[in-house]
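Here is a short briefing on one protein model. Take a look at the fold before reading on.

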Amino acid sequence: MPQPSAAQVPPALYSLIGNTPLVEVTRLDTGPCCLFLKLESQNPGGSIKDRIGLSMIEAAERDGRLPPGGTIIEATAGNTGLGLALVGRIKGYRVVLVVPDKMATEKVLHLKALGAEIHITRSDVGKGHPEYYQDLAARIAADTPGSFYADQFNNPANPLAHETTTAPEIWEQMGHQLDAIVVGAGSCGTVTGLSRYFEKAAPDVVFVLADPQGSILAEYVHTGRIAETSGSWAVEGIGEDFIPPIADFSRVRHAYTIADQESFDTARELLAAEGILAGSSTGTLLAAALRFCREQTVPKRVVTFVCDTGTRYLSKMYNDGWMFDQGLIQRPRMGDLRDLIG
Ligand code: PMP
């Protein structure tokens, strides 16, 4: 029998994206509730965004927006870039990413190792400013013939990945017994995709938003008002200064605003108590999930996410020196780990 050529064989990598484990939190106070964590950190690129890296590339290939050998361009906090670079480089595409300068060095080094071209831009400017990461990516795409601007904030293949993979996995893993899901929102692909699935599969499932202090999303959920100005926050990957076009918050019933301090403390507590090394947005989600759980008067089954691995925040949130510099701990216990690595 003729052997298929390498190009016809889907890389083993694809079978590793998704189908992530779900574990119960057993060593933190969850009030009367059972709280489960979907470990998206176990995806091969280390985050929930591998799912949309694959789905956005395959959708663009199908509808002809991404020709063989073409260029993929994206504005990203890092994780979408990692998903796109991981899948895209294997498929032979050039990958160009615009990343705001507040994002962890580990993510940028990982992107470079994957062969992506990186443009670092300012974190302290908003939409409409030429150096704003999304505006800059759109401009680079317009100036690059034959390029595909993935544009996760507008791309229907983003929520679709969560509607068709993340959501049914959760529903099966929970044995069809689920009361609430706590989500963070950046591009809003996760909240929109999960909402669409559960609207049909289990409309009683309550959605809870975990939002960093400074983001405009929680206020939007509570009041419908879109604030004109936003604050700044150090947690990466969630919170927004605008409402992404793909956002659907219609199923979100509660929103918690979580300060950086509480997010970082909670992520560090998760590592100490459960041995799970999670990223900064997980701290925000878990803090909101714990508040929600402790406020309940009857037992509920609740799911939230470990959105990405904590290995990409070792020089920041898990580094006492950095935490001290940010005024987030009183005194460094371990010294500044950056001195060790130079
Ligand atoms: N957590 C992290 C670490 C992320 O990088 C992202 C995506 N930017 C999210 C959560 C939010 O997911 P979504 O874009 O689907 O709203």
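What is the order of the four strands in the open sheet? The order is β5-β4-β3-β6, with parallel pairing. This is a predicted model: local features need pLDDT of at least 70, side-chain atom pairs count only at pLDDT 80 or more, and totals for chains, interfaces and linings use all residues. Residues are numbered from 1 along each chain as its sequence is written.

**The sheet**
- Strands (E, at least two residues) and helices (H or I, at least four) are DSSP runs, numbered from the N terminus.
- Two strands pair if DSSP finds at least two bridges between them.
- β5 (117–121) and β6 (147–149) stand at the edges, each with a single partner strand, so one side of each has no neighbour in the sheet.
- From one strand to the next, the twist averages 20°.
- β3 (residues 71–75) runs parallel to β6, and three bridges join them.
- Thr71 stands opposite Ser147 in β6.

- Helix α9 (residues 260–274) packs on helix α10 (residues 280–295) at about 95°, with axes 7 Å apart.
- Axes are lines fitted to C-alpha atoms, for helices over the stretch in contact, and angles run from 0 to 180 degrees between N-to-C directions.
- α9 and α10 are therefore roughly perpendicular to each other (65 to 115 degrees).

**The ligand**
- The ligand is surrounded by 18 residues (C-beta atom, placed from the backbone, within 6 Å).
- The closest are Gly186, Ser187, Thr190, Gly237 and Cys307.

Conventions:
Parallel < 35°, antiparallel > 145°, perpendicular 65-115°, else oblique.
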